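Dear colleague,

Please find the structure below for your records. My findings on its pockets and aromatic pairs follow.

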Amino acid sequence: MNTIVKDWQIVSIFDGQELVGKVLWGICVDDMTYRFNKGDYISTSKITEFSPTTQLIKTTSGSLYQVIGEGRKAEVKMKDFNLLRHGFSPEQIALLNSLPSDLFH
């Protein structure tokens, strides 16, 4: 087993109406590859396989993740994908997008 993840979400990435792919976003419980520390966020490469019965997810990079607990589904626009990769959760991204655009200018 490579990496164990909790508080996980399968995030669908959309470019307009087109589904670009799905990634795993969650919090590291344990990582036998030493890429992540306990409590770090994880945002994976594109998911290639997901087995709900074994709770295992494989990505295009060949990494294997075991997800524990109940997962959720989320959607993120391609324009916000870098926020996801830098640790923002899908909920935080939705909150940022709901704020007035002139708030940060």
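In the classes used here, Ala, Val, Leu, Ile, Met, Phe, Trp, Tyr, Cys and Pro count as nonpolar, Asp, Glu, Lys and Arg as charged, and the others, Gly among them, as polar. Please note that this is a predicted model.

On that basis, the lining of the largest pocket has 5 nonpolar, 2 polar and 3 charged residues. Its volume is about 210 Å³. The lining consists of Trp8, Ile10, Ser12, Lys22, Ile47, Phe50, Gly71, Arg72, Lys73 and Ala74. Two or more of these residues come from each of β1 (3-15), β3 (41-51) and β6 (72-77).

The second largest pocket has a volume of about 180 Å³. Among the residues that line this pocket are Phe14, Glu75, Lys77, Asp80, Pro90 and Asn97. Here β6 and α2 (90-98) are the elements that give two or more residues, and α2 contributes the most, with 4 residues. By class, this lining has 5 nonpolar, 2 polar and 4 charged residues.

A search of the whole structure also found 2 aromatic pairs. In one of them, the ring centres of tryptophan 25 and tyrosine 41 are 6.4 Å apart and the planes lie at 15 degrees, so the pair is stacked. Because tryptophan 25 belongs to strand β2 (residues 18-31) and tyrosine 41 to strand β3, the pair ties together parts that are 16 residues apart in sequence. Tryptophan 25 is buried, with a relative accessible area of 7%, whereas tyrosine 41 is partly exposed, at 32%.

Yours sincerely

Technical notes:
Residues are numbered from 1 along each chain as its sequence is written. This is a predicted model: local features need pLDDT of at least 70, side-chain atom pairs count only at pLDDT 80 or more; totals for chains, interfaces and linings use all residues. Side-chain values use heavy atoms; hydrogens and water are left out. On a 1 Å grid over the protein atoms alone, a cavity is a set of points where a 1.4 Å probe fits but cannot get out, and a pocket is an open set with protein on both sides within 12 Å along at least five of seven lines; lining residues have an atom within 4 Å of a point. Grid points are joined across faces, edges and corners, and a volume is the space filled by probe spheres set on the points. Rings of Phe, Tyr and Trp (its six-membered ring) pair if their centres lie within 6.5 Å; planes under 30 degrees apart count as stacked, over 60 as edge-to-face and the rest as tilted. Buried means under 20% relative accessible area, exposed over 50%, partly exposed in between (1.4 Å probe, protein chains only).
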